[in-house]
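Here is a short briefing on one protein model. Read it beside the sequence and the coordinates.

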Amino acid sequence: MRRQKFVAIGDLNAADDVLVDILRGTKLVNKVNRWSGGKTHLVQIGDLWNRGPGARKATELLLQLQPEAEAAGGKVSILLGNHEVMTALGVEAYCTTEEYLAFASLQARERWPKRVHKAMMKIYRSTKKGDIVPPLAPRVELWMMENVPGKKALRRALSHSGKLGKAIRKWPVAIKEDGLVFVHAALTPLWAERGIEALNEEAKRLWATKPMHIADLDKDCMFRNNDGPLCDRSFACEDGSEIKKQVDRSLKLLGVEHMIIGHTQTAYVPNGRAGRICTRFKGKLVCIDVGLTSGADTPRTALVIEQGKGFEWSSGKTRALW
């Protein structure tokens, strides 16, 4: 089946407000966030989680849209990112207090500001008379991270038996359709030669072992390998004839014209810019991690592909990419 339109959203970084703005702006949802995109295929490239407040809301909205889109002849694909794997398997290095609070009870959330204020005053007054008062903010932040409610609930929700955890463990590593391949980081020839179906089956096999922590998995498996589909940065960052050959080789192995990736912010891609999608190697590689983050002044940018042509959609404006 040849789909006429794709909308691809890069690394979300728990920015549920940005997700809603993009979905409404590209007319994929209506004012009450119900699917209105018809036969469009929406692809979220992974890394919904961490660095922001709205991972839970964003994930639940996309999961809600999946059956709605299917009923309309469309599709919603959510790809697995390295941050989903890490957070589900006990690596909470990039979690925020707001991310934990989203899983706390209403009562705990309502009490939280008073608890923080009380702790702040206690920390401030803890300095002995005559001593220099050290910076307050990092000490309060440390207390908040150690005491924020919702940690256990988040871990239960993302476990192999939790509702969100079950959903995440079904997300594909990559998808291929209509001459396009979408993957979180990149598919170098070593991984591309395995084929999309085999990669997704391997992900299922890894999850089926029911690891409790990231260290339970082999360091060379696709979930942990720095050169793997969830972590590789070579296609996004390296230059030269050799990397160009690898990109061409991967596309040929996969039988596609374009590879769409996230993971590496476009601000750090050669000739890339923050908030803007960039293409490399004559449009064969499309980098869509534009640095989305919550806030009114942050970019609202997505990739739109229609009838074989690619465009950058950004807050209502479009720019041709190929």
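Strands β4 (residues 174–177) and β5 (residues 180–183) pair in the antiparallel sense, over four bridges. Two strands pair if DSSP finds at least two bridges between them. Helices (H or I, at least four residues) and strands (E, at least two) are DSSP runs, numbered from the N terminus.

The model is predicted: local features need pLDDT of at least 70, side-chain atom pairs count only at pLDDT 80 or more, and totals for chains, interfaces and linings use all residues. Residues are numbered from 1 along each chain as its sequence is written, and side-chain values use heavy atoms, with hydrogens and water left out.

**Hairpins**

- β4 and β5 form a hairpin with two residues between them. Asp178, in the turn, has a positive phi of about 60 degrees.
- Lys176 has Val181 in β5 as its bridge partner.
- Strand β10 (residues 309–314) runs antiparallel to strand β11 (residues 317–320), and four bridges join them.
- β10 and β11 also form a hairpin with two residues between them. Here Ser315 in the turn has a positive phi of about 50 degrees.
- Opposite Trp313 stands Thr318 in β11.

**Positive phi in loops**

- Most residues other than glycine have a negative phi.
- Asn13 is not a glycine, yet its phi is positive, at about 55 degrees. Its place is the loop between β1 (5–9) and α1 (16–25).
- Asn13 is buried, with a relative accessible area of 9%. Buried means under 20% relative accessible area, exposed means over 50%, and partly exposed lies in between (1.4 Å probe, protein chains only).
- Arg51 has a positive phi too, near 70 degrees. The residue lies in the loop between β2 (41–44) and α2 (55–71).
- Arg51 is partly exposed, at a relative accessible area of 45%.

**Largest pocket**

- How much space lies in the largest pocket? About 290 Å³.
- The search runs on a 1 Å grid over the protein atoms alone. A pocket is an open set of points with protein on both sides within 12 Å along at least five of seven lines, whereas a cavity is a set where a 1.4 Å probe fits but cannot get out.
- Grid points are joined across faces, edges and corners, and the volume is the space filled by probe spheres set on the points.
- The largest pocket is lined by 17 residues; lining residues have an atom within 4 Å of a point. Closest to the pocket centre are Arg51, His83, Arg233, His263 and Gln265.
- By class, the lining has four nonpolar, eight polar and five charged residues. Ala, Val, Leu, Ile, Met, Phe, Trp, Tyr, Cys and Pro count as nonpolar, Asp, Glu, Lys and Arg as charged, and the others, Gly among them, as polar.

**Aromatic contacts**

- The model has four aromatic pairs. Rings of Phe, Tyr and Trp (its six-membered ring) pair if their centres lie within 6.5 Å; planes under 30 degrees apart count as stacked, over 60 as edge-to-face and the rest as tilted.
- Trp112 and Trp143 are stacked, at 5.6 Å centre to centre with 15 degrees between the planes. Trp112 lies in helix α5 (residues 106–125) and Trp143 in helix α6 (residues 137–147), so the pair ties together parts that are 31 residues apart in sequence.
- Both Trp112 and Trp143 are buried.
- Trp207 and Phe223 are tilted, at 5.1 Å centre to centre with 50 degrees between the planes. Trp207 lies in helix α10 (residues 196–208) and Phe223 in the loop between α10 and α11 (234–237), so this pair ties together parts that are 16 residues apart in sequence.
- Trp207 and Phe223 are buried.
- Lys151 puts its charged end over the ring of Tyr100, 5.6 Å from the ring centre. The criterion is NZ of Lys or CZ of Arg within 6 Å of the ring centre and within 35 degrees of the ring normal.

**Separations along and across the chain**

- Gln246 is in helix α12 (residues 241–254) and is partly exposed, at 26% relative accessibility. Its C-alpha atom is 6.3 Å from that of Pro189, 57 residues apart along the chain.
- Asp289 lies in the loop between β8 and β9 and is buried, at 3% relative accessible area. The C-alpha atoms of Asp289 and Glu141 are separated by 28 Å.
- Val290 is in the loop between β8 (285–287) and β9 (301–306). Val290 is buried, at 2% relative accessible area.
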